[in-house]
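Please look over the sequence and the fold before reading on.

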Amino acid sequence: MLVALTRPVPTSIAECELTHLKREPIYWARATEQHRQYEAALVSLGCRVEHLPVQPALPDSVFVEDTAVVVDECAVIARPGAKSRRGETATVAKTLGAYRTLSKIVAPGTLDGGDVLQIGRRIYVGLSSRTNTDGARQLAAFLQPFGYTVQTTTVRECLHLKSAVSTLPDGRLLLNPRWIDGAAFAVPYLEVDAMEPHAANVLCVSKTVVCPATAVRTRKRLQSEGYEVVSVDASELAKAEAGLTCCSIVFWADIG
């Protein structure tokens with residue numbers, strides 16, 4: 001079964017970390033409703049949504065993707081680059097421990113899950129303001145015994161690697177060429193519409209692409225390529241520099 005870990009939007013969301021965006025009002029009720037619709041979309045696509053406990057004192061805690069990297073064989077608990085986010089990982093580790101053997105990134109390494117892109121047995125780690133080379137090295141040490149190759153790439157002008165590129169169901173990528181060089185990946189890719197720079201972050205659930213509702217042109221481009229696309233409005237959480245992958249950790253699990 002596909003499991004999707006999510007966490008409620010904290011009432012403190014407006015105090016979130018920001019790196020590339022200017023701060024603007026974030027309305028908690030609207031963000032919460034959009035997050036509910038996001039979870040409903042995951043359920044409709046076959047996921048069992050498992051809720052992590054709300055963490056009101058941690059403004060970015062809804063963005064659970066950054067707290068762990070999960071592959072079929074194990075899970076690696078991250079060490080977020082923003083100090084304010086490091087309290088988010090304990091509850092994630094407790095929950096993931098029921099499904100996977102755990103390893104943990106330790107100082108001086110930093111790693112955000114949003115900087116980790118998996119393409120089959122290849123793992124790309126974006127070096128960013130949140131993820132450093134030691135974090136990437138530790139991740140490689142944990143995953144290489146399972147046959148994964150890990151390599152780094154440079155992120156520019158955006159928060160995370162997955163802000164700039166994400167995987168599609170057939171193994172191709174969707175990317176924003178202004179923020180990442182497509183030549184860094186050994187697979188074909190599609191480019192987002194130039195008018196929609198944030199559209200590169202999509203969430204694949206089985207064979208369906210979950211796309212931000214604001215990315216109308218990119219959605220049409222994906223549909224023209226034969227992809228099944230579902231749109232979700234996440235515009236309020238986007239003010240917190242978030243994409244669709246940020247709000248869940250989706251993985252396969254054997255559940256009796």
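In this predicted model, β6 and strand β7 (residues 122-127) pair in the antiparallel sense over four bridges, where two strands count as paired if DSSP finds at least two bridges between them. Strands (E, at least two residues) and helices (H or I, at least four) are DSSP runs, numbered from the N terminus. The model is predicted, and local features need pLDDT of at least 70, side-chain atom pairs count only at pLDDT 80 or more, and totals for chains, interfaces and linings use all residues. Residues are numbered from 1 along each chain as its sequence is written, while side-chain values use heavy atoms, with hydrogens and water left out.

**The β6-β7-β8 sheet**
- The three strands form an open sheet in the order β6-β7-β8, and the pairing is mixed.
- Because β6 (116-119) and β8 (149-154) stand at the edges with a single partner strand each, one side of each is left without a neighbour in the sheet.
- From one strand to the next, the twist averages 25°.
- Helix α3 (residues 133-143) lies across β6, β7 and β8 and runs at about 165° to β7, the axes being lines fitted to C-alpha atoms, for helices over the stretch in contact, and the angles running from 0 to 180 degrees between N-to-C directions.

**The β1-β2 pair**
- Strands β1 (residues 2-6) and β2 (residues 47-51) run parallel and are joined by five bridges.
- Leu-2 stands opposite Cys-47 in β2.

**Helix α5**
- In helix α5 (residues 216-224), Thr-218, Arg-219 and Leu-222 are buried, that is, under 20% relative accessible area, with exposed meaning over 50% and partly exposed in between (1.4 Å probe, protein chains only).
- The buried residues of α5 pack against β10 (173-175), β11 (189-191), β13 (208-212) and β14 (228-232), with contact meaning heavy atoms within 4.5 Å.
- Just after α5, Gly-226 takes a positive phi of about 95°.

**Pro-212**
- Pro-212 lies in strand β13 and counts as buried, at 12% relative accessibility.
- Leaving aside neighbours within four places in sequence, Pro-212 is in contact with Ala-199, Asn-201, Val-202, Val-232 and Leu-244.
- Asn-201 is 11 residues from Pro-212 along the chain, and their C-alpha atoms are separated by 8.2 Å.
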